[in-house]
Amino acid sequence: MPHIDTGDLKLPDNCTTLQQGLFDAIRSKIVQGYWATASQIPSTRKLAEELKISRNTVSATYEQLVFEGYIESRKGSGFYVSLELPDDYLPEHHSQPTALISSVSLNKNRAFAPGVPDLCQFPLKKWQRYVQIHASRPSILGNDDVQGCHELRQALSDYLSASRSVMCNAERIIITSGAQQALSIAAMATLNSQDTLLLEYPGYVQMDKVARLFKLNKHPIAVHPVTGLDINALLATKAKALYVTPSNQYPMGTTINTEQRLKIIKWAQQNKGWIIEDDYDSEFQFAHRPYTSMQGLAGQIGLDDHVIYIGSLSKVMFNGLRLGYMVVPEHLVARCNEIKDALTGDSPVHMQYALADFIADGELLRHIRKMRRLYKQKHQTITEAIEKHFGANIEIISQASGLHVTLRWHGGIDEETLRMKAEQQDIVVRTLNYYEPDGSNGRDWRGVVLGYGNTSLSDIEPKIAKLAACFAG
């Protein structure tokens, strides 16, 4: 049973007697729905103490409320708001928008939702043990280092160095509330409103939101199907910074090879500019070995001072974790910490310690290896299902990696109509228009993105069959 806190309950200024004033105040809370039915109200002693009136006054008021049907007395338990109120004073039904939204529309993680890992495969019992250990430590319940706990920064340094050849140490890593906060900090630390930021197009909408929020002069660099980022167009600019997802461009699913990465790094050096590297989906490459991170490549030639490396564990572990990180040059650490301190202060501490142990004990690597095998199987399954049910009507233009496939077709049904038809089948389809906030720039083909991460193997083909029926009809 919920318990009621008296909160702002007070006696009216113009009440004739204390008892009548208290009766009117409590009745008003009940009939307006502020005190929910079946909720336990404070005892006569407690309410008398809080309102600084006699207990006899409160007792008499409660007796009157019981008599008129607003509250009920339960022997040995106390007083509760009545389940059935007097007919003359039934509470008004105020609109509750969140309650009216269907469970389907609230479920953002259903079939083919992009950017969601297989949530059922995460080792929750193991994770809960780590969380429980650190949640019960009084010594870490207070404030912590705004940069993040050292144990987690060290664990991430070891992991990133080994897996992505990132040039870093714990002192260059800043823990953030997801990659989104890291992107915001990176933009604030390196760019002014008059500076030009190059954005992949189509590209990651959340970074476009950051650019709009800070009123940056954003400039699109085209990402073409299969061939990827227009490197020549990029090299011809004098922009201050580039935001790039080189391992698995989102949403086009292309990659930037080592030669191209070196060209971009030297471009940043010549322009005295910045590369904001979002190493999205680097853990899940199925067709080839992952390329060295741009930050690591830049470090090998002494140019990592031009790169901010950003990552998140949302796609590797689970979205609700909301812990990200950024690796920044030493001279930028203090500025980034200053910005983070102003925005949010330190990050949730016990989750950081739990994650540090999860990584240090090898659990993260074990999970990644398991999921890499599973996602490769899912990618193969969705590819075969698309070929079977769509035939030559649609082609997959994304590489074999990550948690999504990008589809292209010419003519026929438009993107938005397909999305709405799929929604009726409880399928999420993300249109390519979604990733083009400034328009399609004359794109003469249509496309959608399907995420298979959180769709079970057994559901992939039946869902693709339904989607094909939407496409055809």
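1. Overall chain. This is a predicted model. The protein chain has 17 helices and 14 strands, and its C-alpha trace spans about 85 × 60 × 45 Å along the principal axes. Of the 473 residues, 51% are buried. Among contacts with a separation of 6 or more, 72% are between residues 24 or more positions apart.

2. Crossing of H6 and H14. The axes of helix H6 (residues 124-135) and helix H14 (residues 349-360) come within 8 Å and cross at roughly 130°. An angle over 145 degrees would count as roughly antiparallel and one from 65 to 115 as roughly perpendicular, so H6 and H14 are oblique to each other. The crossing is right-handed. From H6, Trp-127, Tyr-130, Val-131, His-134 and Ala-135 take part in the contact. They meet His-350, Met-351, Tyr-353, Ala-354, Leu-355, Asp-357 and Phe-358 of H14.

3. Crossing of H8 and H13. Helix H8 (residues 178-190) and helix H13 (residues 333-343) have axes that come within 9 Å and cross at roughly 120°. That angle makes H8 oblique to H13. Here too the handedness can be given: H8 and H13 cross in a right-handed sense. On the H8 side the contact involves Gln-181, Ile-185, Met-188 and Ala-189. On the H13 side it involves Arg-335, Cys-336, Ile-339, Lys-340 and Leu-343.

4. Buried face of H16. Which residues of helix H16 (residues 415-424) are buried? They are Glu-415, Leu-418 and Ala-422. Viewed down the axis of H16, these buried residues fall within an arc of 65°, so they line one face of the helix. The elements that cover them include strand S12 (404-409), strand S13 (430-431), strand S14 (446-451) and helix H17 (457-472).

5. Ends of H16. After H16 comes Asp-426, which has a positive phi, near 65°.

6. Thr-245. This residue is in the loop between strand S7 (241-244) and helix H11 (258-270). Is Thr-245 buried or exposed? Its relative accessible area is 2%, so Thr-245 is buried, the cut-off being under 20%. Apart from neighbours within four places in sequence, Thr-245 is in contact with Glu-200, Tyr-250, Asp-278 and Tyr-280.

7. Glu-395. Strand S11 (residues 395-396) contains Glu-395. With a relative accessible area of 35%, Glu-395 is partly exposed, because that class lies between the 20% limit for buried and the 50% limit for exposed. Leaving out residues up to four places away in sequence, Glu-395 touches Thr-406, Leu-407 and Arg-408. Glu-395 and Leu-407 are 12 residues apart in sequence, and their C-alpha atoms are 5.6 Å apart in space. The side chains of Glu-395 and Arg-408 are joined by a polar contact of 2.6 Å.

Methods. Residues are numbered from 1 along each chain as its sequence is written. This is a predicted model: local features need pLDDT of at least 70, side-chain atom pairs count only at pLDDT 80 or more; totals for chains, interfaces and linings use all residues. Side-chain values use heavy atoms; hydrogens and water are left out. Buried means under 20% relative accessible area, exposed over 50%, partly exposed in between (1.4 Å probe, protein chains only). Helices (H or I, at least four residues) and strands (E, at least two) are DSSP runs, numbered from the N terminus. The arc is that of the directions from the helix axis to the C-beta atoms. Contact means heavy atoms within 4.5 Å. Axes are lines fitted to C-alpha atoms, for helices over the stretch in contact, and angles run from 0 to 180 degrees between N-to-C directions. Angles under 35 degrees count as roughly parallel, over 145 as roughly antiparallel, 65 to 115 as roughly perpendicular and the rest as oblique. A crossing is left-handed if the near helix is turned anticlockwise from the far one by less than a right angle, and right-handed if clockwise. A polar contact is a pair of N or O atoms within 3.5 Å; within protein, one must be able to donate a hydrogen and the other to accept it, and residues adjacent in sequence count only if both atoms are side-chain atoms.
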